[in-house]
Amino acid sequence: MVQDLKKKNDAELKLILEMHRREFTDSRDVLETRDSDYKEWARVQSLKSRLDEQYLKLCVKKANEAEAISQQRLAAAEAEITDLRQTLEASKRNKARLFDTLKSKNDENEAYLSELESIRQAYDDMQTQNQQLLLQITERDDYNIRHVLECAKAKQLQDTLLLEKHNMEKKIQQSSASLNFYEMKVAKMEDQATS
């Protein structure tokens, strides 16, 4: 708007000067023309001064508006930077907390792995001991079977011996009875012979 006014005033000034040049060609009007030119020039200078003042006011206004916008943007940027710093600090604290938690979990995992290794070693030892016990049980079962078989054989032998003893006792009884019979018979025969 200021530039348009300036152009318009410059055009008016040129037109006025041109008109004055055409109207006042003789020398007697030169002074009046010069006086009029000075007045017009003074008016133009006044208009220019006013235009410059308006232009400066407009520039100052725009500069103030731009500065206000810049201040707002700066304040917004500073607020955003503050928020980002707070977020960064919170993230750092959260990272430190998570790091501590992770370290604790790693320690727990190490303890669990150590405990599992101990349990595995104990299991292996128990397996070895169980195998040894199973071998001992197998050997004991074999011994017991042999012992049972030997007991059965001994029982059978005992039964056979008892049966033989019984038979012999019977035979001895029979022999004793026969001997007694013969002794009686001999004694009787001797009695008969003496009488």
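**View 1. D107 and its partner K103 in the predicted model.** D107 sits partly exposed here, with a relative accessible area of 43%. Its salt-bridge partner is K103, and the closest N and O atoms are 3.7 Å apart. K103 is partly exposed too, at 47% relative accessibility. Both residues belong to helix α2, four residues apart, or about one turn of the helix.

**View 2. R120, D124 and E117 as a network.** Salt bridges link E117, R120 and D124 into a network. Zoom in on R120 and D124 and you get closest N and O atoms 2.7 Å apart. These two also lie in helix α2 with a spacing of four residues, about one turn of the helix. R120 comes out partly exposed at 40% relative accessibility, and D124 is partly exposed at 31%.

**View 3. D159 paired with K155.** Here D159 makes a salt bridge with K155, with 3.7 Å between the closest N and O atoms. Helix α2 holds both, four residues apart. D159 is partly exposed at 37% relative accessible area, and K155 is partly exposed at 47%. For the whole model, the salt-bridge count is six.

**View 4. A nonpolar patch on the surface.** L113, L116 and I119 make a nonpolar surface patch of about 300 Å². L113 is found in helix α2, which covers residues 30–194. L113 counts as exposed because its relative accessible area is 52%, past the 50% cut-off.

**View 5. C59 and C151.** C59 is partly exposed, with 30% relative accessible area, and C151 is partly exposed at 40%. The disulfide count is zero.

Technical notes: Residues numbered from 1 in each chain as written. Predicted model: local features only at pLDDT ≥ 70, side-chain atom pairs only at ≥ 80, totals over all residues. Heavy atoms only, no water. Disulfide = S-S within 2.5 Å. Buried < 20%, exposed > 50% of the residue type's maximum accessible area, 1.4 Å probe, protein only. Patch = residues over 30% accessible without salt bridge, like charges linked within 9 Å, V, L, I, M, F, W, Y side chains within 5 Å. Areas by Shrake-Rupley, 256 points an atom, 1.4 Å probe, with all protein chains shown as cover. Salt bridge = Lys/Arg side-chain N within 4 Å of Asp/Glu carboxyl O.
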